[in-house]
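User: I am new to this structure and would like to learn how to read its packing. Please guide me through it.

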Amino acid sequence: MSDTNEVAVIDTTEGTMVVEFLPAKAPGTVENFKKLAKQGFYDGTCFHRIIKGFMIQGGDPLTKDAKQEHAWGTGGPGHTIRAEFNDHPHQHGVLSMARSSNPNSAGSQFFICHGDASFLDRQYTAFGQLIKGGEVLDKIAGTPVGSSNSGENSKPIKRIGVNSIKIVPADSVK
C-alpha cells in the first residue's frame, strides 16, 4: 500500500482531525511520522504550544508526564531526520515538522498551521494537509494560553490531549 492511500487520524480531547500525507514532497518525513504513529509514540501526548492564527504544536513524548512540564518542547524520539524543505505552502491546515535552529533536527514534534505561515515556506518540512476536522483545529487554536517557560504566550491553560494518532486506509474515513 502506498503512502497516498493512507491518512493519519488524530484523535484529541477536543475531537478528531484527519490529515493526508504529501509523500511526493517529503517521503522520509512521512515515513518517520507514520512509523512513530504506528508504534503508538504519540498516544497520550498533548499539544503543548498553541498560538491562535499561527499553529498548534505537539509530538513531544515528555508531555505524557506532568512532572516533565519544565522540559516540554524539548523531547523527541531519540533520532532526527533530514529536512525535506519543499514548495508546499504553509497555509491553514498544513502539517509540518517542528525543529530547532538546526534544519536537520526534527524528530517527532509537528505542528498544524492555523493561519498563513508562509514565512516558514522552504524552511520547515511540510508533509501533510488537514482534510477533515477544521473545526477541531479552530477549537484547539482557540484554547486560552498563558506564558510558557520561554515567556512566549503559547502554553495552554488546560491540557489538550492527543489520545492517539492512527494510520488508516484513506478510503476508511470518507
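User: Which residues does Phe47 touch, not counting residues up to four places away in sequence?

Analyst: Please note that this is a predicted model. Phe47 touches Thr12, Met17, Ile56, Gln57, Gly58, Phe110, Ile140, Pro156, Ile160 and Val162, with residues up to four places away in sequence left out of the list.

User: Which residues touch the most other members of the largest nonpolar core?

Analyst: In soluble globular proteins, nonpolar side chains tend to be found buried together. Here the largest nonpolar core has 31 residues, and Met17, Phe47, Ile56 and Ile165 touch the most other members. Elements that supply two or more residues to this core include the strands β1 (6-12), β2 (15-21) and β11 (161-169), together with the helices α1 (27-38) and α2 (134-141). Another core, of 10 residues, lies apart from it; Met55, Ala98, Leu120 and Tyr124 are among its residues.

User: Is Gln109 buried or exposed?

Analyst: Buried means under 20% relative accessible area. Gln109 has a relative accessible area of 8%, and therefore counts as buried. Gln109 sits in the loop between β6 and β7.

User: What lies 3.1 Å from a polar atom of the Gln109 side chain?

Analyst: The backbone oxygen of Gly73 lies at that distance. Beyond its neighbours within four places in sequence, Gln109 is in contact with residues including His48, Gln57, Asp60, Thr74 and Met97.

User: Where is Val30 placed, and is Val30 buried or exposed?

Analyst: Val30 belongs to helix α1. Its relative accessibility is 0%, so Val30 is buried. Val30 and Gly107 are separated by 77 residues in sequence and by 12 Å in space, C-alpha to C-alpha.

Technical notes: Residues numbered from 1 in each chain as written. Predicted model: local features only at pLDDT ≥ 70, side-chain atom pairs only at ≥ 80, totals over all residues. Heavy atoms only, no water. Core = buried A, V, L, I, M, F, W, Y, C linked by side-chain atoms within 4.5 Å. Buried < 20%, exposed > 50% of the residue type's maximum accessible area, 1.4 Å probe, protein only. Helix = DSSP H or I, 4+ residues; strand = E, 2+ residues; numbered from the N terminus. Contact = heavy atoms within 4.5 Å. Polar contact = N/O pair within 3.5 Å; in protein donor to acceptor, adjacent residues only side chain to side chain.
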